[in-house]
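Here is a short briefing to read alongside the model. Take a look at the fold, then go through the points below.

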Amino acid sequence: MFKKIYVEITNNCNLNCEFCAHNSRKKMFLSEDNFKILLSKLNGYTKYLYFHLMGEPLLHPNINKFINMASKSFNINITTNGYFINRIKDNKNIHQINVSLHSFDDKKNISIDDYLNNIFDSVDMLRDIDTIINFRMWTDNIYKDYILRKIEERYNIKIIGNTKIDDKFYFEYETEFIWPDLNNNYYAEEGSCQGLRTHIGILVDGSVVPCCLDYDGKLSLGNIYKDDLDEILNNQEYVAMKEGFKNNKKIMELCKHCNFYDRIKCKF
């Protein structure tokens, strides 16, 4: 059993954020047929599916249908940039929504007030149906102070660090990390990761990857549509990586260029 499995239902996004790694894969939307296969193959391996890896999940034309289908066997968590949150504002089958407020882009044809009010209004509807809400903000975002003030005004709360706004409603600070890339300046042979241990990721084409940061599928361990998950979890590469992490050793070269786990020390 995994604590969670990340499922990328699309690698398309409506934004072009500077902090994003920008996957170079062919842009796709997960088909309903493949989604059914995926749900069947993941049943029994986790209780939580996260519709997130790369891309904006709320762009998917079948987002509500997928949520409703998956919620019959799993708790559904969604991470979104917030622009299309009104598309799911009355869906009763979402366990948790994480809204990345640092995603606001002033180059889009929407003001920051309209962006925030759309999120606030949608979130308030979702809270009424018992969805957990988590606002996220990277600490060096240029709109941080304004967004914080708007949250404080809307919910009559003072944000001081990570803050519980209300029951099942949270604000969380995040700090930027270094995306794993063979050409970045970070390198460490020692280090651990919760990838393969508490979670795995599945890209829109079915590639199974160790974690949600393998944005281009460089460490693909198999394909969920071609292989049984048990086969993938027991292949030689998977086992070597997992054992390495248990022993504070990074086996794969790409992992040596990732500081995510070392930075937050297992905030999963």
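What radius of gyration would a compact globule with 268 residues have, and what does the protein chain have? The globule value is near 18 Å and the protein chain has 18 Å, which agrees; the radius is taken over C-alpha atoms, and the rule is 2.2 Å times the number of residues to the power 0.38. This is a predicted model, in which local features need pLDDT of at least 70, side-chain atom pairs count only at pLDDT 80 or more, and totals for chains, interfaces and linings use all residues. Residues are numbered from 1 along each chain as its sequence is written, and side-chain values use heavy atoms, without hydrogens and water.

**Overall build**
- Eight helices and nine strands make up the secondary structure of the protein chain (DSSP runs: H or I, at least four residues, for helices; E, at least two, for strands; numbered from the N terminus).
- The C-alpha atoms fill a box of roughly 55 × 40 × 35 Å along the principal axes.
- Of the 268 residues, 54% count as buried (under 20% relative accessible area; exposed is over 50%, partly exposed in between; 1.4 Å probe, protein chains only).

**Helix α1**
- Phe35, Leu38, Leu39 and Leu42 are buried in α1 (residues 32-42).
- They cover an arc of only 100° around the axis, so they sit on the same side of α1 (the arc is that of the directions from the helix axis to the C-beta atoms).
- Asp33 and Ser40 are exposed on the face turned away from the buried side of α1.
- Just after α1, Gly44 has a positive phi of about 95°.
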